[in-house]
Amino acid sequence: MKIINVITALVLIINTGACQTRTESKHNEPSKGKTKIANPQIPLKVVKLELSETEWKSRLDEMQYYVLREKGTERPFTGKYYNQHTNGIYCCSGCGMALFDSKSKFDSGTGWPSYYQPIRKDLIIEFPDISHGMKRVEVVCARCNGHLGHVFEDGPQPTGLRYCINSVSLEFVPQ
């Protein structure tokens with residue numbers, strides 16, 4: 001077990017760029033809405049990614065922009081990951097940073113992918129959300145401030161939390 005922890009630490013030290021490998025177009029820009037992450041890594045420190053709204057619109061497809069930048073939501077049971085059970089890492093589809101491990105994913109019955117914890121707490125930011133007449137906690141990516149979903153206190157142990165995340169906010173990298 002100690003050898004695995006040492007190897008993991010070395011990989012994290014060498015690769016601090018997160019899940020940032022993307023499919024590039026011939027103009028050296030990310031393919032719109034087509035994030036392809038080759039080797040997900042967890043950054044040692046989160047470095048903010050700040051883009052103009054024009055840059056976000058060129059980087060994201062229409063649904064990604066609606067959810068990540070305008071705080072929208074996809075309809076339940078329609079996202080590509082709500083019923084996925086493959087081992088791997090879920091990264092932000094806006095910036096590519098690793099956010100959730102499939103080991104923390106569970107079936108909440110809500111129609112959205114649900115996790116009981118992020119890979120590391122500093123990879124996400126939580127904000128109070130009182131929109132739509134509800135009292136909730138919004139979850140955003142710590143790197144790009146993209147809206148991911150909400151966290152609720154009705155999840156399984158060991159945390160008792162349910163991070164209810166839009167599939168369109170995520171890209172999955174199988175292990």
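**Exercise 1. Describe the open sheet formed by 3 strands, giving the order of its strands and the sense of their pairing.**

Step 1. The open sheet runs in the order β2-β1-β9, with antiparallel pairing; strands here are DSSP runs of E of at least two residues, helices are runs of H or I of at least four, and both are numbered from the N terminus. Two strands pair if DSSP finds at least two bridges between them.

Step 2. Because β2 (98-101) and β9 (170-174) each have a single partner strand, they stand at the edges, and one side of each is left without a neighbour in the sheet. From one strand to the next the twist averages 30°, where axes are lines fitted to C-alpha atoms (for helices over the stretch in contact) and angles run from 0 to 180 degrees between N-to-C directions.

Step 3. β1 (residues 88-92) is joined to β2 by 3 bridges in the antiparallel sense, and C91 stands opposite A98 in β2.

The model is predicted, so that local features need pLDDT of at least 70 and side-chain atom pairs count only at pLDDT 80 or more, while totals for chains, interfaces and linings use all residues. Residues are numbered from 1 along each chain as its sequence is written, and side-chain values use heavy atoms, with hydrogens and water left out.

**Exercise 2. Work out which elements and residue classes line the second largest pocket.**

Step 1. The second largest pocket holds about 280 Å³ of space. A pocket is an open set of points on a 1 Å grid over the protein atoms alone, where a 1.4 Å probe fits, with protein on both sides within 12 Å along at least five of seven lines, and lining residues have an atom within 4 Å of a point. Grid points are joined across faces, edges and corners, and the volume is the space filled by probe spheres set on the points.

Step 2. Of its 17 lining residues, G72, T73, R136, H147 and H150 are the closest to the centre. β6 (136-141), β7 (147-152) and β8 (162-165) each give two or more residues to the lining, with the largest share, 4 residues, coming from β7.

Step 3. The lining of this pocket has 5 nonpolar, 8 polar and 4 charged residues.

**Exercise 3. Is S167 buried or exposed, and which residues does S167 touch?**

Step 1. S167 lies in the loop between β8 and β9.

Step 2. S167 is buried because its relative accessible area is 1%, and buried means under 20% (1.4 Å probe, protein chains only).

Step 3. Leaving aside residues up to four places away in sequence, S167 touches E74, G79, K80, Y81, Y82 and P113, a contact being heavy atoms within 4.5 Å.

Notes. Nonpolar A, V, L, I, M, F, W, Y, C, P; charged D, E, K, R; others polar. Buried < 20%, exposed > 50% of the residue type's maximum accessible area, 1.4 Å probe, protein only.
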